[in-house]
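Please read the points below beside the sequence and the model. They are arranged by topic.

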Amino acid sequence: MTDIKTLDSRIVYQNKWMTVREDKIQRQSGAEGIYGVVDKPDCAAILAIDNGRIHLVQQFRYSIQQRCWEIPQGAWEANPDADHQDLAKGELQEETGLIADNMVYLGSQFIAYGFLNQTCHIYLATQLHPASEQHRDIEEEDLISQSFSITEFEAMIINGELKDSVTIAAYGLAKLKQAI
């Protein structure tokens with residue numbers, strides 16, 4: 001038996017980006033309870049770094065009512081089984097207007113596995129150049145793309161200006177792997 005057995009599962013909310021379900025569970029002790037789980041397709045996060053500069057995007061994040069800086073990242077809800085490298089290349093071009101001649105896979109991480117089952121695939125993109133065209137989703141109409149020196153970027157993390165956990169974790173992984 002696994003640590004927790006699923007006795008029943010029901011969808012309580014669903015849209016094109018996610019499904020929220022409530023699972024009735026049984027622990028090893030026999031005690032029953034519930035788990036709320038958010039199902040989302042895998043996503044990609046891209047550290048786009050070239051010539052000592054990192055490319056970030058900023059957009060309004062409705063859930064916290066703030067504009068925030070982060071690395072390009074996202075999922076393709078219409079194609080959840082897409083190859084994650086293709087996804088990373090597509091998100092980079094869509095959000096920054098850049099193409100990377102070199103993409104290195106750094107690994108995967110869970111974003112918030114206490115309630116979310118989404119895996120985030122992290123890439124380092126280098127040898128960047130502008131794409132001939134850029135097509136953003138309607139949800140990204142307010143998106144701004146800007147590059148920062150690595151020193152500026154690290155200061156943004158330290159002083160709390162940049163709070164996105166995916167961005168910070170991806171950068172930490174790249175540093176620990178000595179990829180940057």
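1. T2 is exposed because its relative accessible area is 54%, where exposed means over 50% relative accessible area, buried means under 20%, and partly exposed lies in between, with a 1.4 Å probe and protein chains only. Helices and strands here are DSSP runs numbered from the N terminus, helices being H or I of at least four residues and strands being E of at least two.

2. On provenance, this is a predicted model, in which local features need pLDDT of at least 70 and side-chain atom pairs count only at pLDDT 80 or more, whereas totals for chains, interfaces and linings use all residues. Residues are numbered from 1 along each chain as its sequence is written, and side-chain values use heavy atoms, with hydrogens and water left out.

3. For the overall layout, the secondary structure of the chain comes to three helices and 10 strands, which follow the pattern β-β-β-β-β-β-β-α-β-β-β-α-α when read along the sequence. The C-alpha trace spans about 55 × 35 × 30 Å along its principal axes, and buried residues make up 37% of the 180 residues in the chain. Of the contacts between residues at least 6 apart in sequence, 57% join residues at least 24 apart, a contact being heavy atoms within 4.5 Å.

4. How many disulfides does a search of the whole structure find? The search finds zero, a disulfide being a pair of cysteine sulfur atoms within 2.5 Å. C68 is in no disulfide, and the cysteine sulfur nearest to its own, that of C120, is 16 Å away. C120 is likewise in no disulfide, its nearest cysteine sulfur being that of C43, at 3.6 Å. In general terms, a disulfide is a covalent bond between the sulfur atoms of two cysteines.

5. The burial of these cysteines can be stated one by one. C68 counts as buried because its relative accessible area is 18%, C120 is buried with a relative accessible area of 2%, and C43 is buried at 5%. C43 is placed in strand β4 (residues 43-50), where, not counting residues up to four places away in sequence, it touches G74, A75, L87, I111, Q118, T119, C120 and H121.

6. G107 belongs to strand β8 (residues 98-110) and counts as buried because its relative accessibility is 14%. Leaving aside neighbours within four places in sequence, G107 is in contact with C120, H121, I122 and L173. The C-alpha atoms of G107 and D23 are separated by 29 Å, and the two residues are 84 apart along the chain.

7. Helix α2 (residues 150-158) packs against α3 at an angle of about 125°, with the axes 11 Å apart; the axes are lines fitted to C-alpha atoms, for helices over the stretch in contact, and angles run from 0 to 180 degrees between N-to-C directions. That angle makes α2 oblique to α3, since angles under 35 degrees count as roughly parallel, over 145 as roughly antiparallel, 65 to 115 as roughly perpendicular and the rest as oblique. The contact is made by I150, F153, E154 and I157 of α2 together with T167, I168, Y171 and K175 of α3.

8. K163 lies in the loop between α2 and α3 and is exposed because its relative accessibility is 65%. The C-alpha atoms of K163 and C68 are 7.7 Å apart, while the residues are 95 apart in sequence.

9. Two backbone angles deserve a look. Q127, which is not a glycine, has a positive phi of about 55°; Q127 is found in strand β9 (residues 119-130) and counts as partly exposed at 45% relative accessibility. Q178, also a residue other than glycine, has a positive phi near 55°; Q178 is found in the segment after α3 (165-176) and is exposed, with a relative accessible area of 69%.
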